[in-house]
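The text below begins with strand pairing and ends with single residues.

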Amino acid sequence: MLELAADCGYDELPAHDAESLGAWFRDAADSGSLELYLETFAHTVAVMQTPEGLRRVARECAIDLAADGVVYAEVRFAPEQHLEKGLTLDEVVEHTIEGFREGEAIAAEQGHRIRVTCLLTAMRHAARSREIAELTVRFRDRGVGGFDIAGAEAGYPPTRHLDAFEYLRANHAHFTIHAGEAFGLPSIHEALAFCGCDRLGHGVRITDDISVPGGEIADAQLGLVANYVRDMRVPLELCPSSNVQTGAVPSLDKHPFDLLARLRFRVTVNTDNRLMSDTSMSEEMLKLVTTFGYGWSDLERFTINAMKSAFIPFPDRLEIIDEVIKPGYAVLVG
């Protein structure tokens, strides 16, 4: 970030050496508020306004993920936030995809296989969601897997963007919606019933519709929304560290991940934002292992859950599950 800021003339970073800057992001993310957590993006977005900046961040993102053992990644970003230096929406996406392809090639040279797909995000407080939906469809065969809306939930329900979701459904495009993170069950209900999303971004507040008398899983009672999510195998994009940092859950040991996993919801493990949460996929899985006592077979299930839910064609998902994930875990499970 320091190098990119120097290149583009951005002089508002809150620290001026890498260690202090990294610490600032970690501390700022620990606010316990989604709104404050989101404020940190002002600095990262500011240094990604040029073709070179976008390509470099995308390239190094792919390399870092591959080095962590990730074999398939869906990286979401909001193209509308990268237009300050005159780039068009199409150019933003083109340069980002180019960076991911460069990163994939470098990772392959280093002996790491990875495939990176973009999810294009529209900001829920803005009015460009239909435009971003059209951008998603335009690039879906060129490295874009789907669409998302994100940002502060309170006051910005997903139904504000119904025209975008209707357009996506009409074009058979995949989309996920940030819902049930900082806002409750109504957000999840709208995302499913009115918008028709394929996956739920976070979705931790689905527990508002679940009762577990005496703490016994066998006695769990699910409401209509929770039953629908489980029955329809709607994937939950859970982000343990981030969910604690934004105040969506009070602490890691009280995260509903384990409850939802034991109730056999389709739970998946995600980082949300590796910079702000100072994390990685390995770190998130380790936290789940140390908190809930999971073993390799559990992690395999969560990984396959994620791959089953990916926004790429079924044969591609099956190939990665059968040729990469299952053989890899077989060695670990023994």
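How many bridges join strand S3 to strand S4? Three bridges join S3 (residues 144-150) to S4 (residues 175-179), and the two strands run parallel. Phe147 has Phe175 in S4 as its bridge partner. Helices (H or I, at least four residues) and strands (E, at least two) are DSSP runs, numbered from the N terminus; two strands pair if DSSP finds at least two bridges between them.

This is a predicted model, in which local features need pLDDT of at least 70 and side-chain atom pairs count only at pLDDT 80 or more, while totals for chains, interfaces and linings use all residues. Residues are numbered from 1 along each chain as its sequence is written, and side-chain values use heavy atoms, with hydrogens and water left out.

S3 and S4 belong to an open sheet of seven strands in the order S1-S2-S3-S4-S5-S8-S9, with parallel pairing. Strand S1 (72-77) and strand S9 (267-269) are at the edges; each has a single partner strand, so one side of each is left without a neighbour in the sheet. On average, neighbouring strands of this sheet are turned by 30° against each other, direction ignored. Axes are lines fitted to C-alpha atoms, for helices over the stretch in contact, and angles run from 0 to 180 degrees between N-to-C directions. Strands of a sheet pair through backbone hydrogen bonds, either parallel or antiparallel.

Phe77 has Leu120 as its bridge partner in S2. S2 (115-123) and S3 also pair in the parallel sense, over six bridges. There, Ala122 stands opposite Ile149 in S3. Both strands are mostly covered: eight of the nine residues of S2 are buried, and in S3 seven of seven are buried. Buried means under 20% relative accessible area, exposed over 50%, and partly exposed in between (1.4 Å probe, protein chains only).

What packs on the sheet at S4 and S5? Helix H9 (residues 185-193) touches S4 and strand S5 (199-202), and the direction of H9 makes about 165° with that of S4. Contact means heavy atoms within 4.5 Å.

The largest nonpolar core has 94 residues. Such a core is a set of buried Ala, Val, Leu, Ile, Met, Phe, Trp, Tyr and Cys residues joined through side-chain atoms within 4.5 Å. Those with the most contacts inside the core are Phe147, Ile177, Leu200, Ile206, Val229, Phe257 and Phe265. Leaving out residues up to four places away in sequence, Leu200 touches, among others, Ile177, Ile188, Leu192, Val229 and Leu236. In soluble globular proteins, nonpolar side chains tend to be buried together.

His202 is placed in strand S5. Is His202 buried or exposed? At a relative accessible area of 2%, His202 is buried. Beyond its neighbours within four places in sequence, His202 is in contact with residues including His178, Glu181, Cys239, Asn243 and Asp272. His202 and Thr268 lie 66 residues apart in sequence, with a C-alpha to C-alpha distance of 9.4 Å.

Asp272 is found in the loop between S9 and helix H13 (281-292). The phi of Asp272 is near 65°, a positive value in a residue other than glycine. Asp272 is partly exposed, with 33% relative accessible area. Asp278 also sits in the loop between S9 and H13. Its phi is positive too, about 50°, although Asp278 is not a glycine. With a relative accessible area of 46%, Asp278 is partly exposed.

Thr44, in helix H4 (residues 41-46), counts as buried at 10% relative accessibility. Apart from neighbours within four places in sequence, Thr44 is in contact with Met1, Phe25, Leu275 and Met276. Arg55 is found in helix H5 (residues 51-67) and counts as buried at 19%.
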